[in-house]
Amino acid sequence: MEKGKENRTQGVLKRISGPVVTAVGLDAHMYDVVKVGNEELMGEVIKIQGENIIIQVYEDTAGIRPGEPVGNTGLSLAVELGPGLLTSIYDGIQRPLEVLVDKMGNFIERGVSAPGLSHEKKWEFVPTVKKGDEVKAGDIIGTVQETNIVHKVMVPPKAKGGKIKEISGGSFTVDETVCVLEDGTEIAMLQRWPVRVPRPVTEKLNPDIPLITGQRILDGLFPIAKGGTAAIPGPFGSGKTVTQQQLAKWSDAEIVVYIGCGERGNEMTEVLTEFPELEDPKTGKPLMERTVLIANTSNMPVAAREASVYTGITIAEYFRDMGYDVSLMADSTSRWAEAMREISSRLEEMPGEEGYPAYLAARLSEFYERAGRVISLNGEGGSVSVIGAVSPPGGDFSEPVTQNTLRIVKVFWALDAKLSQRRHFPAINWLNSYSLYLDALNEWYDKEVSPEWNPLRAWAMGVLQKEAELQEIVQLVGSDALPDEEQVTIEVARMIREIFLQQNAYDAVDTFCPMSKQYDMMKAIKHFADLAHTAQAGGATPQQVIAIKSKNELPQIKFIRDYEPELEKIMKDMEAEFDAMRTV
Amino acid sequence: MKEYRTVAQIAGPLVFVEKTEPVGYSELVNIVTADGTVKRGQVLDTSDEIVVVQVFETTAGIGRDSGIRFTGETIKMPVGKDMLGRILSGGGKPIDGGPDIVPEKRLEITGAAINPYARSSPEDFIQTGISTIDGTNTLVRGQKLPIFSHRVCPTTTWRSRSPARQRCPARPKSSPWSSLRWASPGKRPTTSWPTSRRPALSSARSCS
């Protein structure tokens, strides 16, 4: 703003072109939130060109005319953070959908605003610091029992901090002051944070602890680290939803943020009806109690879709700062990129590949880079792991969104419709998937599982890859033409696939497989392979080896909770069978 | 209603109009050509300098002497129970020789997005009587369904046949599985989904 000039907070509209409008006579900064037109539709400044302020509007602009007023709020697009976030269902700009139904019925109309958090509800605040204590930005000053999750109330990250003059427990709304510092700063439970700015941290840590999901193919072969990033391409009918639900249910993250971004309305409804009914296996309470849902269905305004992923990750970062492990699922980032493309073409920007804006890669990485395991300002360790679904049109992985995503994320779980048609679940293709965290996580597996685990995994991957090679030969000349040893390799690979990789999400026991059991299962298969190898060296035929009966009992241990005695018995039988083979 | 004769440019289906008073985005436009024909269009881009109108018909006959009338409202159409049995044009006007529709309501044709929270899960089976649909690719009430076609396929026959035969059987009485029961008495086929995936909705949440 020029000196001596008055701050002009009111301008007029000059041009309307879909969700993009131009205003003049307004002083604005990039990403300021503005109210557009007589109906005060919410918008955000996305470009400044001399006098022209270009705004993207989060609601439908039909009927808006040039000459209508535009007011600048002077704030950037921010979310309200505080008790009440959990169990909420928001649209892309943090309006609670439940409140919107009360306000405007079953359809989403225009110009209705609703605060992200309830400003009436009272929460029981318990201070954890006392009068005279020194606090700084980000420090935890008290707790609120929100659901079964303890919500930690923090000094806002940008506050100066100081000595506490007054703090008291009791029942407060989010707006009421719970703590006063000596310099007069009043702290309430509510914080606002601009969604496009990552929340500050003290230190980013190496992602060297896996996010344990209890899914064998994920934990065992393609682990994601806490604070890591992963992509799931979701071809139609490949079981993406079940995979995501398994992750939400079983992964050892305390908080789940689910962004339904540009999804079909009916599909979002499924999530909205199922999550509150799914039981959190760890507490027995509804899974919803530790979940925040954000829904922008495919027919809701595109500009709000662009904002929805930022809204989601800011909420995730807020819980991370309390010291929680958060997993964030964005379904689907492709729809988000398409929203960006639509806005970009309205801005008449130079299109890049397939019409996506040239900054597509930058925006994608900006988003994924907000994942991480950190020490927050208050010294607590927390993490945000981001799992983004990608839905490439026509299953074409060479399109820009998939390609740019793969460049950024370090884990790729290749869901495969062919596998699900063969009833192999979870339908994650073991040949195409990868995890680049393996090296960083090796040490954890050495220490927490067994020093034998990493070689075991390498062995299993080797067998599976060998199988893929051999299958080609088998298809040409039949399995009998293979050398004896390789016939056994094919059998071992089949065991790895059917015993280890296949997992039943609907079985009470098999739905979650702890790391120790995964290790035992893999060790049992390896033991069979070793015995078979020795037997063959001693002259046994592949038919004899494959005919070993006890190995057919192995899949049963998947479904037994206290499997150890059973496994031991099977392994003893197996050794006895091999011994018998030798004496014959 | 004001009529502007300030057409600056016509290109393809687009008409550019200058020096207008403020015109709303998405507004419906009537264009009167020299011979008196009225063509309809919609505002695609509006500013105080120029307004871009997309014409729904051919621009043949439109010239710089054509009159442009901005109606001041977005495209709405009259709706009412009387519409059943009528034949309408793409613009919503009766073309069956009958009288105009007596509107019970005038609705925006673009509609509004359903609040996802107010939706209920589509779970009512629609019986079409076409075995390949009912048996393997079941139709569900509230579902959207594209039909992909090739030029030699009888799409039209199919499209008209399926709604004509649609029945929405009461769920508890005739479950879609009932006809399968003889094969495995007392037991549902193993392909049935776990009941938890199809939760019953509380009435408060269901959409009217």
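At what angle do helix H13 (residues 515–537) of chain A and helix H15 (residues 564–583) of chain A pack, and how far apart are their axes?

1. The angle is about 5 degrees and the axes of H13(A) and H15(A) lie 10 Å apart. Axes here are lines fitted to C-alpha atoms, for helices over the stretch in contact, with angles from 0 to 180 degrees between N-to-C directions. H13(A) is therefore roughly parallel to H15(A) (angles under 35 degrees count as such).

2. Contact means heavy atoms within 4.5 Å. H13(A) brings residues including A:Asp520, A:His527 and A:Phe528, and H15(A) residues including A:Met571, A:Glu575 and A:Phe578. By class, 10 are nonpolar, 1 is polar and 2 are charged (Ala, Val, Leu, Ile, Met, Phe, Trp, Tyr, Cys and Pro count as nonpolar, Asp, Glu, Lys and Arg as charged, the others as polar).

3. A friendly reminder on the basis: this is a predicted model, where local features need pLDDT of at least 70 and side-chain atom pairs count only at pLDDT 80 or more. Residues are numbered from 1 along each chain, and chains are lettered from A.

4. Now for the whole chain: chain A has 15 helices and 26 strands (DSSP runs, helices H or I of at least four residues, strands E of at least two). Its C-alpha trace spans about 100 × 60 × 40 Å along the principal axes.

5. Of the 584 residues in chain A, 58% count as buried (under 20% relative accessible area, 1.4 Å probe, protein chains only). Among contacts between residues at least 6 apart in sequence, 69% join residues at least 24 apart.

Technical notes:
Heavy atoms only, no water. Parallel < 35°, antiparallel > 145°, perpendicular 65-115°, else oblique. Buried < 20%, exposed > 50% of the residue type's maximum accessible area, 1.4 Å probe, protein only.
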